[in-house]
Amino acid sequence: MNLADLTDQDPVFRLKGNMLAITVLELARNDLALLDRQLAEKVAKAPNFFNDTPVLLGLEHLAEADAELDLGTLLDICHRHGLLALGARACRPGDIAAAEELGLPLLPPASGRERPLAEPVEPATPEPALAAPAEAAQPAEPEVKPTLVITRPVRGGQQIYAHGGDLVVLSAVSPGAELIADGNIHVYGPLRGRVLAGAKGNAEARIFCQQLTAELLSIAGRYKVAEDLRRSPQWGKAVQVSLSGDVLNITRL
């Protein structure tokens, strides 16, 4: 056996499992013109969140009586708005045939654990101030929301949202669970789900956790998924996550 034969026997690939969180773009009806306009509105609110975002096309809820879907146009709309279609779920024979013709992988129906995704938005540009009247009204005191504290484990499929404030979880967060807060998020147990801090555009928000094994981390619409997080030397450790420009910084606690 020569050297070339030995080289040929060395494995050049590995098959690995991965808990990658994927956003589902689910169509309620076949109206691609309206979809184009509505996606444009959402992208305008959080352009960084829609930057090469992987999505799964959910076509299984389209009615049989609905018109035939132009899947090629749908893919063009997704691409134009920064969405990368990785596959599709479909029930109608025409949709299945179109996906196969375009080489789009077909996936099985939803597991029933999906939840609507809270949308991070960019801070709005303030409008020019109008001239103040002679006797300006006293500005209202900003409303301070209390910190939301969760003492029980957060199970897969659950979504917890701390509106206007911080979120503290004193237990474990399971895969498939989702934590959302307009402020900071603290997790004092293993973190295996999705975490979105600064959901309304607060770039100063931070994420703190005792064990980083998350499916997704996001601050003000900038995010990293598990595949990226596993490359960090801080994976599995106690960390804090902050935003610097458009980059998530992960440092040891």
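Predicted model: local features only at pLDDT ≥ 70, side-chain atom pairs only at ≥ 80, totals over all residues.
## A parallel sheet

V24 has L56, a residue of β2, as its bridge partner. Strand β2 covers residues 53-58 and is joined to β1 by four bridges, with the two strands running parallel.

Now step back to the whole sheet. Strands of a sheet pair through backbone hydrogen bonds, either parallel or antiparallel. Here three strands make an open sheet, ordered β1-β2-β3, with parallel pairing. At the edges lie β1 (23-26) and β3 (83-89), each of which pairs on one side only. From one strand to the next, the twist averages 35 degrees.

## Two nonpolar cores

In soluble globular proteins, nonpolar side chains tend to be buried together. Which residues touch the most other members of the largest nonpolar core? They are L167, L179, L217 and I219, out of 29 residues in that core.

Leaving aside neighbours within four places in sequence, L217 is in contact with a set of residues including L191, V195, I207, R222, Y223 and I250. There is also a second, separate core, made of 20 residues, and among them are L74, C78, A88 and L104.

## A look at the cysteines

A disulfide is a covalent bond between the sulfur atoms of two cysteines. How many disulfides does this model have? Counting pairs of cysteine sulfur atoms within 2.5 Å gives zero disulfides.

C209 is buried, and its relative accessible area is 1%. C91 is partly exposed, with a relative accessible area of 47%.

Note on methods
Residues numbered from 1 in each chain as written. Heavy atoms only, no water. Pairing = 2+ DSSP bridges. Axes fitted to C-alpha atoms, helices over the stretch in contact; angles between N-to-C directions. Core = buried A, V, L, I, M, F, W, Y, C linked by side-chain atoms within 4.5 Å. Buried < 20%, exposed > 50% of the residue type's maximum accessible area, 1.4 Å probe, protein only. Contact = heavy atoms within 4.5 Å.
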